[in-house]
Amino acid sequence: MTLSAGASAARHYAIVTSAYWGFTLTDGALRMLVLLHFYKLGYSPFALAFLFLLYEAAGIAANLIGGWLATRYGIARMLAVGLSTQIAGFLLLSALSPDWTATMSVAWVVLSQGVCGVAKDLTKTASKSAIKLTAGEASGQLFKWVAWFTGSKNAMKGIGFFLGGVLLEVLGFRGSLWVMAALLSLVLMGVVLFVPKLMGKSKASRSARELFAKNRGINLLAAARVVLFGARDVWFVVGVPVFLYASGWSRPMVGGFLALWTIGYGMVQAFAPHLVRRSEDGLSTEVPAARLWSAMLAVVPVALALAVAMDVPRLEWVVVGGLGIFGFAFAVNSSVHSYLVLAYAGSEKAAEDVGFYYAANALGRFFGTLMSGLLYQWGGLLYALMGSAVMLTACWLVTLALPVAKHAKGVAV
């Protein structure tokens, strides 16, 4: 690899990562805006979860279609489409009127959130696929670049959580959405001007059967991803924010905690390559690491559920501390998974493989979001944590079947 090729790969990596930072900042702020605004209006935990369901459901299709479109038309175009769609979603949501009926308001928010869900996963699939391509040009950088990309974007999402709480206090619901739309417009201009238009363009799958014909490693990782992210969102989306707010925390305090949790989670993700021993083949030590960290993660919600059941003193701070431990183990798990999917993926249709994997991710978030509202309404934080423990046990069982070798063409065995 020549010096100029390495410099070009690093430049493209930096541009795509910066664009996704801008997107993720506003996406995190959006979640806090919607959650805290409508909780203050008196919406029940299940109604709050319902507001996010189309957002998550739309991501399932958006990832699958986005991967195919990025392969067919190039990553730059899909980044631009994703950013434009998010801006449209913000403007739709800002048109919400306090004079509308409750039914009309919920329908409008769900629709706007669905648009933003499509935007998120189109942008994420295109961005992650670009990392596979650029790291492929920079030999030996894949795990480090994936870890830094994933960790840094989650840190930005955490800042977005805090930003959402602050914007809601300072500018109100509508003003916050307008400011975020303006910010994303600047990011969109940068993508159009600086990302190579044909990056990632290749021969796309010609049928649904070909599109879904993934290798065993990707299929198993997708299954693990469903329950891994379901296990996070079953407490993260509704349970803990509402629990803390009901315990007397202010909106900026709730947003601040979720921000610090997500920023710390992102920092650990970026540091994950230093915690996982590397192998020459890229799988023989990384796969056992995924199994070990999955097992350790499953223990945390069990311990927290016991603390909640016993109603220990200063429970909210015990929950906060326990979720800090959860975040550390979850971050390493997520980072290793994000690396493994690119290690298993083929180069020619990396965007399609990544899209399939993140469709599973979106399915997990959808299921976790739904169960977050239901379980919290049925049994409070205790039920949400118990649901998390069950899903993480399933995640560990799936990782036991992950392949530790692959054919030369990238098909895991």
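This is a predicted model: local features need pLDDT of at least 70, side-chain atom pairs count only at pLDDT 80 or more; totals for chains, interfaces and linings use all residues.
Trainee: Is α3 mostly covered or mostly exposed?

Mentor: Mostly covered: of the 20 residues in α3, 14 are buried. For the chain, 60% of the 413 residues count as buried.

Trainee: How many helices and strands does the chain have?

Mentor: There are 13 helices and zero strands. Read along the sequence, the pattern is therefore α-α-α-α-α-α-α-α-α-α-α-α-α.

Trainee: What describes two packed helices?

Mentor: The angle between their axes and the distance between the axes. Take α11, residues 286–309, and α12: they pack at an angle of about 160°, with axes 9 Å apart. That angle makes α11 roughly antiparallel to α12, the cut-off being over 145 degrees. The crossing of α11 past α12 is left-handed.

Trainee: Which kinds of residue make up the contact of α11 with α12?

Mentor: The contact of α11 with α12 has 23 nonpolar residues, four polar and one charged.

Trainee: At what angle do the axes of α8 and α12 cross?

Mentor: At roughly 155°, and the axes come within 11 Å. Helix α8 runs over residues 216–236 and helix α12 over residues 315–344. The two are therefore roughly antiparallel to each other, and their crossing is left-handed.

Trainee: Which residues of α8 and α12 meet?

Mentor: From α8, the residues include Leu221, Leu228, Phe229 and Trp235. From α12, they include Phe326, Phe330, Leu340 and Tyr344. Arg225 and Arg232 of α8 also take part, as do Asn333 and His337 of α12. By type, the residues of this contact divide into 13 nonpolar, five polar and two charged.

Trainee: What lies in the loop between α11 and α12?

Mentor: Asp311 is one of the residues there, and Arg314 is found in that loop too. Asp311 has phi near 50°, a positive value in a residue other than glycine. Arg314 likewise has a positive phi near 50° and is not glycine.

Trainee: Are Asp311 and Arg314 buried or exposed?

Mentor: Exposed means over 50% relative accessible area. Asp311 has 56% relative accessibility, so it counts as exposed. Arg314, at 62%, counts as exposed as well.

Trainee: How should I read a residue such as Val106, and where is it found?

Mentor: Start with its element, then its accessibility, then its contacts. Val106 is in helix α4, which covers residues 102–137. Its relative accessibility is 21%, so Val106 counts as partly exposed; buried would need a value under 20%.

Trainee: Which residues is Val106 in contact with, leaving aside its neighbours within four places in sequence?

Mentor: Tyr43, Phe50 and Leu51.

Trainee: What share of the contacts in the chain joins residues 24 or more positions apart?

Mentor: Among contacts with a separation of 6 or more, 86% are between residues 24 or more positions apart.

Definitions and conventions: Residues are numbered from 1 along each chain as its sequence is written. Side-chain values use heavy atoms; hydrogens and water are left out. Axes are lines fitted to C-alpha atoms, for helices over the stretch in contact, and angles run from 0 to 180 degrees between N-to-C directions. Helices (H or I, at least four residues) and strands (E, at least two) are DSSP runs, numbered from the N terminus. Angles under 35 degrees count as roughly parallel, over 145 as roughly antiparallel, 65 to 115 as roughly perpendicular and the rest as oblique. A crossing is left-handed if the near helix is turned anticlockwise from the far one by less than a right angle, and right-handed if clockwise. Contact means heavy atoms within 4.5 Å. Ala, Val, Leu, Ile, Met, Phe, Trp, Tyr, Cys and Pro count as nonpolar, Asp, Glu, Lys and Arg as charged, and the others, Gly among them, as polar. Buried means under 20% relative accessible area, exposed over 50%, partly exposed in between (1.4 Å probe, protein chains only).
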